[in-house]
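Subject: Structure for you to look through, with notes

Dear colleague,

Please find the structure below, together with the notes I made while going through it.

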Amino acid sequence: MDKDEIHLRRLPAPHADREFRGVDFLPEDLNEAPEETEMRVNKTYSCLPAEEKGIHIINIRAIEDIGYDQHESTLLNSLSKNPDADCKFGLYFRDGKRKVDYILVYQYKKSSAGRTLARRAHDSTARSTKQEQPLPGKGVQLEMGESEPHLDYHEDDKRFRREEYEGNLVEAGLELERDEDTKIHGIGFVKIHAPWNVLCREAEFLKLKMPTKKMYQINQTHGLLKKINSVIQKITEPIQPKVAEHKPQTVKRLSYPFSREKQHLFDLSDRDSFFDSKTRSTIVYEILKRTTCTKAKYSMGKGEGRKKETTLLNKRRKCGKYGITSLLANGVYSAAYPLHDGDYEGENVEPNDRKLLCEEWASYGVFYKYQPIDLVRKYFGEKIGLYFAWLGVYTQMLIPASIVGIIVFLYGCATVDENIPSMEMCDQRNNITMCPLCDRTCSYWKMSSACATARASHLFDNPATVFFSVFMALWAATFMEHWKRKQMRLNYRWDLTGFEEEEEAVKDHPRAEYEAKVLEKSLRKEHKHKEKHRYFPEETANKWRQRTDKEKLTWKDRFPAYLTNFVGIIFMVGLTFAIVFGVIIYRISTAAALAISSTPSGRSSVRVTVTATAVIINLVVIIILDEVYGCIARWLTQIEVPKTDKNFEERLIFKAFLLKFVNAYTPIFYVAFFKGRFVGRPGDYVYIFHSFRMEECAPGGCLMELCIQLSIIMLGKQLIQNNLFEIGIPKMKKFIRYMKIKRRRSLDHEEHMKKKQRYEVDYNLEPFAGLTPEYMEMIIQFGFVTLFVASFPLAPLFALLNNIIEIRLDAKKFVTELRRPVAVRAKDIGIWYNILRGIGKLAVIINAFVISFTSDFIPRLVYLYMYSENGTMHGFVNHTLSSFNVSDFQAGTAPNDPMDLGYEVQICRYKDYREPPWSENKYDISKDFWAVLAARLAFVIVFQNLVMFMSEFVDWIIPDIPKDISQQIHKEKVLMVEVFMREEQGKLQMLETWKDKDKKKGENCNNHSPKLPRSHSGSLSSCHSYPLDI
């Protein structure tokens, strides 16, 4: 034993109540097996540096079992006044040297004296030495005497599992330190540090690419391109973030998967910064996920309460095969998270990446600047970095789309006075009398009263919208290709070129819920097996147990969940349709009611009023159902019990996207493709429930109503759901947590006076819930921008304005409102890319149908080239209207006030292609209808195939991997081969040198051997004994 180490031998029982000054004794089980095994604590359990204590630290390296009912580490108390200063208030262990890489949080109960109640002794529980290892922590904890009330056995069991799990973590090489003397009442923290050897081991296991000593020059552009790039850099310099990671690099370090055997290849001059905080937390999290807690899994425990529990329920409470996910799910730990780098605001805050991100990224004042994506990746990991990179590319691509959309809108404004159809509708000299919009209560009306609607329709329904639809289809294809190229650049820059998802899938541990379900299944089989074979030999029973451990869930086990999913999704889609149908009934009944009570001037605005109020109702319902559907999709995915987190996320995304897509777009689909299609005709209208007549489109077409519907839903959803909810709800949750903590603080004044540690501050932040809500929000917006863009050219502009705020809002949320998420490696955005491609393809089809069936573009073309007498649009309005003889009204449907216009009406007009009343086949569909329908279908086919071909051409002509990136990747491979070839050549040369020296030594020994006496013959071996260092 070293001179600076001590042994603590087992003390006799009478010493259990003895209290030593400067040493804490914490509760331990009685009746431990008297094993004389030593436990390696080493530096893990030294709490404070010697400078703070004023004494020399004794590193306790070997501690043997202490034979009394105490179970915590022996610690030296701090004599310093502010021990938190050197550990930077929680960022380091109390020795001020070892950095905190991860935090585990648990809840415990305190007695009135503020001390932790001890766990009851388990009479016959045998534990390994590693599990007996206590953790360093503050505060004196004494054994609970007979007078103390007994703890709930659930809390007791949780403490046992924590001790076992933490002992296994120490066995895995991690260093732990406990802190229960915190400002948050009843909350304990376990600080975790990964030492250098553990980091190296896990980095090799995870195949993490790390920078080597070898540096190479990045290929630079020459000639004209170099001048252009320099000019662009000077122009864009004011909008570049002031971070070192964002500056253009001319050299790059060669990266290679870390290997302990090849440490000489890597730059290890500064070991503290070789693995950054993101990488360290990722490594620790991988250890936490795979560290098992097997004894707790099968230990039944003892006590009165345990006897009342069934075997199945008791075992289900235990942690599963993989530790931290099960322990969090079962409430053994309440939270687990890596720490933020430090504070982001304040006067004396030390510079750190979080503060830099807050200043240069998470601030509304820098909305015009590029994002520091490399710094985001360095701090949050590749997966979150890719999300913000994608969001930035999407927002940049919205700029040209917004400009073209504004031009299209301005074109409509400029040509509205030259639009002949709208001029004819507004011309009161035409004196066109229209048929009533509803039965009995509605009267005849003049077409000129819809002049404002007709003029407004031209702003969005003009020839330029067709061009804009084609442009947006090509824009979507270009955006996808641009993102693929950007993604490849990021993969090269972030050393992900050799990274494969299969490597990550190997480490994808089963979820806690899946393990619980498998355990339940295996226990049921085991229970049935025991009932059938009660007197079965023990060996056979062990074999059976091993077989059940390999159990997995099949489709038969999941069939009830699949059936529930199918029925649930069908019900939710049906509910959405029912709500849309209810809004239709509201529109029809409200229009009839307003027609009765309104003044003549108000009757002209009935349609706009009804449309606007109905859209607002739709918006409120969509926002409410969005939140409901999100919860239902998560619940439906949970009952499926997917095996891994990746499977869970993909299934959740599919369900949530399906439900939210239907919820957001069903009202818009109704207005675009169904409204006014099944109305019937005067005298033979189609009725709902025999009383409500189907609503018609306005004389100018349904495109204007579609525009109103789309704009209100899109803007309202972005403003209320995306921004107010994202700002308001986190603030409200933070306030509630603050009030709860404030109420706890009032119970303990001493805790209130202490300065909060970093892990306490982070514990009060909102847990990271994943990127699914962020992506879903943007995907739905992408649908608004592309699917119905023919009816609303300003959609890209409003999306751009929203995204400028959204980027900074999300950034502020990630930096200031959320706990730091565990960094996850990813080389792409996953399933979201396929969803984007699907929406892009669907947008081509939908826009083709919107242009051909919803707008009047095709009827105008048909009239212009087939029916116009002078090659102009004069007479188009009259051509689209059919005539009806008022004497053919069904009984009880004619207007109550036929003289409302001041004259008797005999013929009224309605929008349709039908034969006139004086024809032999009166009111039948005319040949003009079939001509227009044929033209519409032909346009859909031509438009769809042409645009699809152009999109595929764009996809083909733009390579997925930029040429310079492919050259750099090839260059890296060649350089890496050269490095290893030189290393091998050096080894061969050294071996050859060694052989030559060995041969010369052998010759010298042979030449001198006859002269040596026999007694010295044994020294021949010394001729070959010399040190060799390769």
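Before the first residues come up, one term is needed: a residue is called buried when its relative accessible area is under 20%, exposed when that area is over 50%, and partly exposed in between, with a 1.4 Å probe and protein chains only. This is a predicted model, in which local features need pLDDT of at least 70 and side-chain atom pairs count only at pLDDT 80 or more, while totals for chains, interfaces and linings use all residues. Residues are numbered from 1 along each chain as its sequence is written, and side-chain values use heavy atoms, with hydrogens and water left out.

Lys-207 has a positive phi of about 55 degrees although it is not a glycine, and its place is in the loop between α4 (196–206) and β7 (209–217); here helices (H or I, at least four residues) and strands (E, at least two) are DSSP runs, numbered from the N terminus. Because its relative accessibility is 46%, Lys-207 counts as partly exposed. Tyr-923, which is not a glycine either, has a positive phi of about 70 degrees, and it is found in the loop between β17 (907–911) and α33 (927–957). With a relative accessibility of 4%, Tyr-923 counts as buried.

Next comes a sheet. In general, the strands of a sheet pair through backbone hydrogen bonds, either parallel or antiparallel. In this model four strands form an open sheet in the order β5-β6-β4-β9, with antiparallel pairing, where two strands are taken to pair if DSSP finds at least two bridges between them. The edges are held by β5 (175–179) and β9 (335–337), each of which has a single partner strand, so one side of each is left without a neighbour in the sheet. On average, neighbouring strands of this sheet are turned by 20 degrees against each other, direction ignored.

Strand β4 (residues 102–107) is joined to β9 by three bridges, and to β6 by six bridges, the two strands running antiparallel.

The side chain of Arg-558 does, however, reach the backbone oxygen of Glu-640 at 2.9 Å and the backbone oxygen of Val-641 at 2.8 Å.

Finally, Lys-378 lies in helix α13 (residues 373–380) and, at 29% relative accessibility, counts as partly exposed. The C-alpha atoms of Lys-378 and Asp-276 are separated by 8.2 Å, although the two residues are 102 residues apart along the chain.

Key:
Axes are lines fitted to C-alpha atoms, for helices over the stretch in contact, and angles run from 0 to 180 degrees between N-to-C directions. A polar contact is a pair of N or O atoms within 3.5 Å; within protein, one must be able to donate a hydrogen and the other to accept it, and residues adjacent in sequence count only if both atoms are side-chain atoms.
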